Amino acid sequence: MKEKKQHKLKPTATERRRLTRNSIYRFIYSSAEPVSKQEIADALDVSLPTVHQNISELLEAGYIRAGEVKKSTGGRPPLGYEANPDIRYTVGAAVTSNHFRFWAGNLKQEELGFKSVRIPNAQLDEIKGDALKREMDIFLEESGLDPAKLLGVGITIPGVFDSESEQIVLSPTLKMKNFNISDFVKEAGIPTAIMNDSSCAGYEERRMRQLSGQSLDFVYLLLENGIGGAIFMDGKQIRGKNGRSGEFGHMRIVPDGRVCNCGQRGCLEAYCSAFRITRDFGISVEQFFDEMEKEQGKGPKTALFYDMLRYLSIGIVNLRMAFDCEIVLGGFMTEFLGPFMDFLRTEVKRLDPFGADADYLKIAASPKASLQGAAWYHVGKFINQI
């Protein structure tokens, strides 16, 4: 069936009128099932003519569509309306020390494509150039996505940002310091935002928790090539005076221990990040776990990973003592953690001075949360302007 031609949403005469339209769209967007005009009018306390007028505008622009016929207690059943998630899409892109990763999702954060591209360390300087954009264009083509429908791209980087100077102050895993991001954003040619990977992941976890009615008090611990984190209390991120809170990877857990990417010794990141695997064995994380499975519980890779889990439990208990809330583990390393969660919880419980069960230790809703959180940035802006 030929796709209906989309039109731009008509400008409103007043801001108050726009806010009414926005509230109607938001109600439709957030509803789990198609909603009728009467349901919208009742929920938002607006008149049916007002609802009808706004529904007509949103339908014409393609922002919503008629849903399935709703059940009725008698008479002709009313039509339902739902958000059209496929009119636009966004992309989250992650820059790590050895990969570009891309994730595309529609307006409902439903996955449209994912790709991980391995890159040599020498290419990281090309973030200023066209390497990232070139790989993203290939990803969009391979995923069958129309570039004209792209709302924008959110790029995540493991590093400390200064929003006023538009600089990455420090990124130990990428060996970046005082890197200016404004030029790259201008050269990208599409709406682009560069953000901290842990914060993006934390916000995506908060969004998912809000939808499912879970507690919005949690600490997010991102386990990837580096280790980062984010703190949320009552749904609000605690950023700290200098915007550097959540740098959990650089908590020292072993005095004068292993050298960390930051140049210090004994940091949690030096013991528990994916870098420890790739550095000690010179193989990818996927290959490491494949070979570890063949060891059947006995071998150097098995010994290394259980050592990582023991140190990770120290970091988890420290966070629990500091914040007294749920600790959520996220990042691509969590894709391999499932079979080891019982061991990790046992270690956490053993180290917890209050002897509490480790039921406060959770796995994140998605291992791709940082990418999804970065992509959501542009979805949120899109919704706000309707």
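The structure is a predicted model, in which local features need pLDDT of at least 70 and side-chain atom pairs count only at pLDDT 80 or more, while totals for chains, interfaces and linings use all residues. Residues are numbered from 1 along each chain as its sequence is written, and side-chain values use heavy atoms, with hydrogens and water left out.

A search of the whole structure finds 19 salt bridges, a salt bridge being a side-chain nitrogen of Lys or Arg within 4 Å of a carboxyl oxygen of Asp or Glu. Side chains of opposite charge can pair when their charged atoms come close. One of these bridges joins K10 to E60, with the closest N and O atoms 3.9 Å apart. K10 lies in the segment before α1 (15-30) and E60 in helix α3 (residues 48-61), so the pair ties together parts that are 50 residues apart in sequence. Helices (H or I, at least four residues) and strands (E, at least two) are DSSP runs, numbered from the N terminus. Both ends of this bridge can be described by relative accessible area, for which buried means under 20%, exposed over 50%, and partly exposed in between (1.4 Å probe, protein chains only). K10 is partly exposed at 46%, and E60 is partly exposed at 38%.

A second bridge links E224 and R101, at 2.9 Å from N to O. E224 is located in the loop between β11 (218-223) and β12 (227-233), and R101 in strand β4 (residues 99-106), so this pair ties together parts that are 123 residues apart in sequence. Both E224 and R101 are buried.

Helix α11 (residues 341-351) has the buried residues M341, L344, E347 and V348. They are placed on the same side of α11 because they cover an arc of only 125° around the axis, the arc being that of the directions from the helix axis to the C-beta atoms. The face turned away from this buried side carries the exposed residues D342, T346 and R350. A salt bridge of 2.8 Å, N to O, joins the side chains of E347 and R350. These two residues of α11 are three residues apart, about one turn of the helix. An α-helix has 3.6 residues a turn, so residues three or four places apart point the same way. E347 counts as buried because its relative accessibility is 10%, whereas R350, at 57%, counts as exposed. Elsewhere, salt bridges that share partners join R258, R276, D280 and D307 into one network.

Beyond this helix, D357 is found in the loop between α11 and β15 (361-363). D357 is partly exposed, with a relative accessible area of 46%. Between D357 and T346 there are eleven residues' separation in sequence and 8.5 Å in space, C-alpha to C-alpha.

A negative surface patch is formed by E286, D290, E293 and E335. Patches are made of residues with over 30% relative accessible area and no salt bridge, with like charges joined within 9 Å and nonpolar side chains (Val, Leu, Ile, Met, Phe, Trp, Tyr) within 5 Å. Asp and Glu count as negative.

Technical notes: Areas by Shrake-Rupley, 256 points an atom, 1.4 Å probe, with all protein chains shown as cover. Charge placed at Lys NZ, Arg CZ, Asp CG, Glu CD.
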